[in-house]
Amino acid sequence: MDESQKPATPPTPPRQRAKPPLWARFMEKLLQPWIEIKREPVVPPFSLDRPVCYVIENYGLSNTLILDRACREAGLPSPLAALPGDPLGRKRSYVALSRRRAGLFGRPKNRSHSDALSRLLMAHRLYPDQDVQLVPVSIFVGRAPARQSGWFSVLFSENWALVGRFRRLLAILLNGRDTVVQFSPSVRVWEILGEEMPHERQVRKVSRVLRGHFRRIRTAVIGPDLSTRRLLVDRVLDAEPVRKAITDQARRDGTEYLEAWKKGHGFAWEIAADYSNPVVRSASFALTGFWNRIYDGVNVNHVETLKQVAPGHEVVYVPCHRSHMDYLLLSYLLYNRGIVPPHIVAGVNLNMPVLGPMLRRGGAFFIRRSIRGNALYAAVLAEYVSQLVGEGFSLEYFIEGGRSRTGRLLAPKGGMIVMTIKAFLRAPRRPVVFQPVYIGYEKLIEGKSYLDELTGRPKEKETIWALLKAGAGILRQHYGKVAVNFGEPIFLDSVLAEHAPDWRERNADPDDKPTWINGAVEDLARRIQVNINRAADVNPVNLLALALLATPKHAMSEADLLAQLTLSKKLLAMLPYSDRVTVTALDPAAIIAYGEKIGVLTRTVHPLGDVISVEGETAVLQSYFRNNVLHLFAAASWVALCFQNNRRMSRAGLLRLGQTIYPFVQEELFLPWDETGFAQRLDATIDLFVAEGLLTVASDEEGGILSRGPGQTDEVFRLRAIAHSLQQAFERYFIAITTLVKNGPRTLSAGELESLCHLTAQRLSLLYAPAAPEFFDKSLFRGFIQKLREMKLVWVCPNGKLDFDEQLMAWEKDAKVVLGRDLRHTISKLSPEAVSKVAGSGVAKAEA
């Protein structure tokens, strides 16, 4: 070893010196007005039971001074103080992996080895009493956007480029108040030296591991090292699957390869994002003012879990889709919290003038709604996604396929999940984690258009003029608060291990579609939806809608509403759905006051007590917000529903019926339990209802005979209000079963049954009590029929018609226990009428 690298024989001084030298303190005073540091985490993730040597990625005077100030503010030892025995030989306690060599205005050159690190490792080999811990520290100048920053400062924000001293000086002057210092967990030098190998090789290995660590942190904070859009498109077109697709396209079209290549190039250019850090940072300035203008606050919960998972992982964000604001809001919040915004899958309908280029530079890439029959487009899109996954770009897509118009989670579509899995199987460089995200609103910007679409009006086409017109109206209104909750992450490795334990040993042919992949996609999609629901936020509007929409006129006396809100909050508190569910801290009186403040509630003053109601279009829109949290009250609603038309019922009978109906409710609401778990949930709910006086236990046989109070007592009223949220779902199920049984086996196809159920439910709503728009939603009937087929309650005959046996008859008999006689009679009467009038014409049209 060179003599210059050999450390001096260290004495054993008592501790690290705390203060930096005089020159450093003078320089820090000069920088102090220009630097404001945010430490992550606030509490350093290591102890001070042994000497600390900090490791930074690049040497620089500014980095050293920033690190020293961050350590001083955190109460940590100074990096400008010597380690015990001074093993570095520089009276310092930090090392830099790389050092830039250049003059003030010269182009920097990087030297990627550290003599100081070599000395430190050698000192431990020579003097066993040394016991130092290495603490990697990442420093980012200009990472977090500041409202007061100018547009010019965007050009000097943190990126992957190795910059010179002059550019670094400008970055500090312009962006120094947005400096992030991130401390990582420590590692003992002796743990590194535990593996026997030559010294020089040991130094190279430790340097390589540390550089990999810094690269992962930088990727998580500012994103991967971005290639240009043009280079990414070239890589896509040069990939073997795309070249093969181009050749096939040329053969089908009868043209030259070049013509088909141009077509593929056009597809790739139409799809590809053109991510720009300056544009993203600039957009954050504009969006800060926009959010402050239209929202009263954005609450973010459980983001800490994401920050722990993101480094070293390919993160795929899978939020629920409620509004066009979803992707803007999520990207903004991630960027503001030091996490790189994802590349977002957007519909090609948003690729309009002005808006399209802005979204593209913000990370959006555009795909067509349907790619069926276009093999070249499908190959280009799949390869583009594969390139993004392989390069470590985070992604965001909505597996529901579109915005929910009813407030429920829609049935997932697996197209993007398939592409993600196949891309990972081709090049499993970084583990993939799916991050479910729940987004909850108190008012919807698109509320009026959703209402129009649900009542039959066609969806308006997005245009830049419509956007400008809508934007002017949006800025004149307030939309309450927004909650963004991060759900429990789902690791792709674990899902693949369940469905294909040997997936790592298999060759990933781009054209191959393993037999197990469909099951894995369905399982993963369901887990995502379940975990979104398990991260729900319950806001005041949700609770008000749940209570008031349960009454015929959407109104309650103030006393009744207070009691109902109290019961709802108690159910959420005593029977928690998940540890990630968040509930408003407002008490019932404050919830009512808040509803009045934001214009959701109407108060009618009356001498016998004020009446609180929701009226007109507001009442219809409130079904959206009730549906957001319907799943949280599924067990309570089922127990209450069993006592709508029954004074008494055995606990065992209630649990048996609950387990019978549960597969259908689980499919519709994406509930997390199996049938046994749901029965346990019902059991706990019964105990709570008994404790609250809503039910009583009459005897101990079969677990007890449960009974409710007579007539119109307050307890019965509260039970009916809780039951209402699930009642319409059960009515839909009964409509489908009754229509099948009335028409007989081998009479209706699945499509005919779906159409007849839709018409029957629609007519029921027109003739009797008005129902929420989703009551006659075809997709919900379609999901129920599909579940019947999965459970073998019905099956398809060779002629395409549905057949069934006595098992379905038994299910219909059980339904009669829950639904009232009058309602059952009405549904039975309407179903044959719908069949006789529509079977020859309307159904045929629907099938066509």
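Start by selecting glycine 75: this residue follows helix α2, and its phi is positive, near 75°. Before going on, note that you are looking at a predicted model, where local features need pLDDT of at least 70 and side-chain atom pairs count only at pLDDT 80 or more, while totals for chains, interfaces and linings use all residues. Residues are numbered from 1 along each chain as its sequence is written, and side-chain values use heavy atoms, with hydrogens and water left out.

**Stop 1: helix α2**

Now select residues 61-74, which form helix α2. Helices here are DSSP runs of H or I with at least four residues, strands are runs of E with at least two, and both are numbered from the N terminus. The end C-alpha atoms of α2 are 20 Å apart, which agrees with the 20 Å that its 14 residues should span at 1.5 Å a residue; the expected span is 1.5 Å times one less than the number of residues.

Is α2 mostly covered or mostly open? Ten of its 14 residues are buried, so the answer is mostly covered. Buried means under 20% relative accessible area, exposed over 50%, and partly exposed in between (1.4 Å probe, protein chains only). Among the buried residues are Leu65, Ile66 and Leu67.

**Stop 2: a three-stranded sheet**

Next, find the open sheet with the order β17-β20-β19 and antiparallel pairing. Strands β17 (555-557) and β19 (602-604) stand at the edges with a single partner strand each, so one side of each has no neighbour in the sheet. Two strands pair if DSSP finds at least two bridges between them; β19 and β20 (residues 611-613) are joined by three. Click on arginine 603 and look across to isoleucine 612, its bridge partner in β20. Then show helix α21 (residues 558-574), which packs on the sheet and touches β17, β19 and β20 (contact means heavy atoms within 4.5 Å).

**Stop 3: salt bridges**

Stay with arginine 603 and show its side chain. Which glutamates does arginine 603 meet in a salt bridge? One is glutamate 558 (3.0 Å, N to O), and another is glutamate 596 (2.9 Å, N to O). A salt bridge is a side-chain nitrogen of Lys or Arg within 4 Å of a carboxyl oxygen of Asp or Glu. Arginine 603 in β19 and glutamate 558 in α21 are 45 residues apart, so this pair links distant parts of the chain. Arginine 603 is partly exposed, at 29% relative accessibility.

For a last stop, select Asp49, Arg50, Asp131 and Arg188, which are linked in a network of salt bridges.

Key
Axes fitted to C-alpha atoms, helices over the stretch in contact; angles between N-to-C directions.
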